[in-house]
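Please have the sequence and the 3D view open while reading.

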Amino acid sequence: MADVEQPEGEPQGRNVLYCGVCTLPPEYCEYGGTVKKCQEWLQKNHPEIYDRLWSAEALEAATASLSVEAQKRAEKDAHKKTVKAEAAEAKQAEKLAKSMITIKRIERNKKKFVTAVIGLEAFGLDLKKVAKDFGKKFATGSSVTRLPGGGEEIQVQGDVSPEIEEFLLEKYKDIPEDHIELVEDKKKKKAAAPP
């Protein structure tokens with residue numbers, strides 16, 4: 001075996017702090033796509049680390065050892081990143097403003113119905129958790145299914161469309177009421193063949 005000296009005592013583990021937004025260590029948040037949100041989170045939850053990394057003195061000290069050209073490049077890159085992050089936030093806000101949640105009541109048989117909820121993923125909700133909540137709330141079966149055109153929907157057994165709308169507005173406050181629409185979908189009856 002190699003002659004490696006073991007330090008005396010128990011090996012000590014390190015406590016590493018991870019960002020609550022991008023899940024990277026705060027020193028690496030600048031390489032993620034959500035720098036502004038990461039900075040806000042860090043300032044709110046760990047102000048001493050924020051001051052160490054993002055205060056004016058810390059940024060000045062980090063760029064002081066760079067040459068003039070490198071400083072200009074760093075400023076240019078930082079500006080590009082902020083513009084890109086702002087554009088991404090604006091795009092996300094626009095997407096959220098346009099997105100609609102559709103609650104369909106689909107007739108299976110004469111007296112049996114299925115309620116389908118489409119469009120929840122645009123609001124950042126985990127569909128499996130929401131489907132489980134629906135199943136518990138309405139005491140029915142509910143599942144997440146893939147749509148042929150892409151995307152996913154939640155199917156709940158039974159005609160619970162008005163109750164689902166109330167439940168969504170009550171439990172998930174970030175969904176505006178005017179972004180939910182109810183649709184009734186009936187199966188088309190087969191036309192009788194002409195004699």
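Which exposed residues does the face of α6 turned away from its buried side carry? They are Glu166 and Glu170. The model discussed here is a predicted one.

## The two sides of α6

Helix α6 covers residues 161-171. Its buried residues are Ser161, Ile164, Glu165, Phe167 and Leu168. Around the helix axis they cover an arc of only 165°, which puts them on the same side of α6. Glu166 and Glu170, both exposed, sit on the face turned away from that buried side.

An α-helix has 3.6 residues a turn, so residues three or four places apart point the same way.

## How α5 meets α6

Two packed helices are described by the angle between their axes and the distance between the axes. For α5 (residues 127-138) and α6, the angle is about 120° and the axes are 12 Å apart. That angle makes α5 oblique to α6, since values over 145 degrees would count as roughly antiparallel and those from 65 to 115 as roughly perpendicular. The crossing of these two helices is right-handed.

On the α5 side, the contact is made by Asp133, Phe134, Lys137 and Phe138. Their partners in α6 are Glu163, Ile164, Phe167, Leu168 and Lys171. By type, the residues of this contact divide into five nonpolar, no polar and four charged. Of the α6 residues in the contact, Ile164, Phe167 and Leu168 also belong to the buried set of that helix.

## Lys132 in α5

Helix α5 also contains Lys132. Is this residue buried or exposed? Its relative accessibility is 55%, so Lys132 counts as exposed, the cut-off for that class being over 50%.

Lys132 can also be placed relative to another part of the chain. Ile154 is 22 residues away from Lys132 along the chain, and the C-alpha atoms of the two are separated by 9.9 Å.

## The buried face of α1

Helix α1 spans residues 35-45, and its buried residues are Val35, Cys38 and Leu42. Seen down the axis of α1, these residues fall within an arc of 60°, so they line one face of the helix. On the other side of α1, Glu40 and Lys44 are exposed.

What do the buried residues of α1 pack against? They pack against α2, which runs over residues 47-54.

## How α1 meets α2

The axes of α1 and α2 are 6 Å apart, and the two helices pack at an angle of about 135°. They are therefore oblique to each other. In α1, the residues that meet α2 are Val35, Gln39, Leu42, Gln43, Lys44 and Asn45. In α2, the residues that meet α1 are Pro47, Ile49, Tyr50, Leu53 and Trp54. The residues of this contact divide into seven nonpolar, three polar and one charged.

## Two residues with positive phi

Thr23 lies in the segment before α1. Although Thr23 is not a glycine, its phi is positive, at about 65°. Thr23 is exposed, with a relative accessible area of 56%.

Ala139 lies in the loop between α5 and β3, the latter covering residues 142-146. Ala139 is not a glycine either, yet its phi is positive, at about 55°. With a relative accessible area of 68%, Ala139 is exposed.

Note on methods. Residues numbered from 1 in each chain as written. Predicted model: local features only at pLDDT ≥ 70, side-chain atom pairs only at ≥ 80, totals over all residues. Heavy atoms only, no water. Axes fitted to C-alpha atoms, helices over the stretch in contact; angles between N-to-C directions. Helix = DSSP H or I, 4+ residues; strand = E, 2+ residues; numbered from the N terminus. Parallel < 35°, antiparallel > 145°, perpendicular 65-115°, else oblique. Left-handed = near helix turned anticlockwise from the far one by under 90°. Contact = heavy atoms within 4.5 Å. Nonpolar A, V, L, I, M, F, W, Y, C, P; charged D, E, K, R; others polar. Buried < 20%, exposed > 50% of the residue type's maximum accessible area, 1.4 Å probe, protein only. Arc of directions from axis to C-beta.
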